[in-house]
Amino acid sequence: MDGLFRSCPSAFQGELPKKMYYSDEVIEEVRTANDIVDVISEYAGLKKAGNSYKCCCPFHSEKTPSFTVSREKQMYHCFGCGVGGNVYTFIMKHENYTFPEAIEYLAKRAGISLPEKEMTDDEKKKQSRKAMLYEINKSAAAYFHYLLTKTDRGKLGYKYYKERGFTDETIARFGLGYADIYRDDLYKYLKSKGYSLELMRAAGLVLYDEKKGAHDRFWNRVMVPITDINGKIIAFGGRVLGDAKPKYINTEETELYQKSRTLFAMNIARHSRKKGVILCEGYMDVISMHQAGYDNAVASLGTAFTSQQAGLIKRYTSDVYLAYDGDEAGVKAAMRAIGILRDLDMSQKVIDLSPHKDPDEFIKCEGLEAYDERVRDATLGRIFEIQVIEKDYDLNNPEDKTRFMKAAGRLLAGIGDSTERSNYIDTVAMKYYVNRDELAKIVTEVGMAGLGETSLSSLRPTEPEEIWRPKQQTKKEKNPAEENEKYLLTLMVNEQYLFDKLARVISEKDFTEDIIKDVAVSIYDQYREKGEVVPANILNKFSDAESQEKVSEIFTKELEFDTTPSMLEKVLTDLIIKIKMNNIDKALKNGENISQIELARKKNEINKIKIKL
């Protein structure tokens, strides 16, 4: 079966790159060559906000931007969900890369040639694990394709694809397959190939419970391999043959596969010569579009379109056409996507598929020329939103018409560029036969009152509340002692002359809480060696996500007071006293033998501390 996919290079070929171990000097060279604002701008629509840049967090859903990027510190932090780090952290989290993979990606971006060194044992294990997951997915895809095209058992699936109008060439190109009616068919095949049950489960191919034992996740379904941006198989989608529910299921998230950051067929679309990307609802629509010549079509997978997926598209184009179904759910999905794309400063246009349900049906009924025309005449996102608003009003009713103008005015007031805003006012006034001057007056009044909306999803909810409203982040109970130590380090990093001023009062040995003590040692060491603290460099020393988030919070926390000398003296005095008192209490709890006289003397000395700058 190894030869099955030779006709499908875009989906299945490509060897894993050799991963190396790199020195601290190389790591720092690559980091400094990749400005964090420039890198994150390729994924998110950053906007200047004082000395920093802000946008809605690419890692959780929110309406009010709480994701902050500092060019000076080369760090990012989200004050909503707590994620943070340097440019490496961002690439690792956004692309699901290992640390060496992030180094190689950023080195290539900056045009830096990396030295070849052997991996550490831990890196070898991680890389071997990923290689095995890629390999087992490839084997499963080959088996599904074999069943579809070479066995009598696969005829039912082959018939389904043919009835959808897919050619043999398309079936081969996408490596389409069939999962048999037996619930343990794939499990037995993979077991015969020597794959462990643990690896099958890790890849999301096989489930296990005590009653059923090992059994396939996919059975009696036509199968669609899902690939990453480089064309490696990372997951599968399956459509049931028959009336069973659910109709479609995808692989659950794995070490390789994250739904919110994957787009079906993006590995092909990124090389397309057609303008922009066409965003569809499902992979069957995408396959039909590619067969019709629109190899720039992609789809999200079992989830609503996300800002991470928009960021992935933005790496290759800023022009997006929405080809969602024309039903209510499709309209809501389009409005959500428009808002996400607009936040990233990407162009959004909606393809009118009426009177047909989806792109596949439209092309089959109307032909390619008619579809080409619909693409050329696609409606601008802002106009589409106003068309949706219009359906809520009777424009023959004067009161309703007034309400419509005010609703449209709120959307138009959200346009930042004055020339573009004026042109939209002209267009809306002509299209809906409303007074241009009155509409412009409404837009001005709304804008001055700060009530303008950037998207229809802001003007009214387009999805059930639990989906469109940003979820409250679950916050752990904060440790006051840890917070005091973190805040003091924040002050010292922001006002680095304090290292010398406070040298006789406090040192790294006074920081004793959890990871904060390690951060303090790194900060003090770097200041002694270089005479300054480089936050993004410090972060290289911490590898796990939780540690990076804590460290990034120290470096990116916004000071809550005016750092005038008098105010700073009061805050520093209070923090240092609390930190030193806490250390005495910890010493007592740890059983250190301190006499009452000595204890009283130490506490008296601490209470006498008064910082003078």
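Reader: What relative accessibility does Asp585 have?

Author: Asp585 counts as partly exposed, the class between buried (under 20% relative accessible area) and exposed (over 50%), using a 1.4 Å probe and protein chains only. Please keep in mind that this is a predicted model, where local features need pLDDT of at least 70, side-chain atom pairs count only at pLDDT 80 or more, and totals for chains, interfaces and linings use all residues. Residues are numbered from 1 along each chain as its sequence is written, and side-chain values use heavy atoms, leaving out hydrogens and water. The relative accessibility of Asp585 is 34%.

Reader: Which residue does Asp585 meet in a salt bridge?

Author: A salt bridge here puts a side-chain nitrogen of Lys or Arg within 4 Å of a carboxyl oxygen of Asp or Glu. For Asp585, the N to O distance is 3.9 Å, and the partner is Lys603. This pair links distant parts of the chain, 18 residues apart, with Asp585 in helix α28 (residues 565-589) and its partner in helix α29 (residues 596-607); helices are DSSP runs of H or I with at least four residues, and strands are runs of E with at least two, numbered from the N terminus.

Reader: Why are Glu605 and Arg601 separated by about one helical turn?

Author: Glu605 and Arg601 meet through their side chains in a salt bridge at 2.4 Å, N to O. Both count as partly exposed, Glu605 at 44% and Arg601 at 38%. They are separated by about one turn because their spacing in helix α29 is four residues.

Reader: Which strands are at the edges of the open sheet?

Author: The sheet has five strands in the order β1-β2-β3-β4-β5, with antiparallel pairing. Each edge strand pairs on one side only, and these are β1 (47-49) and β5 (84-85).

Reader: Which residue of β4 stands opposite Thr68?

Author: Two strands pair if DSSP finds at least two bridges between them. Strand β3 (residues 67-70) and strand β4 (residues 75-78) pair in the antiparallel sense over four bridges. Opposite Thr68 stands His77.
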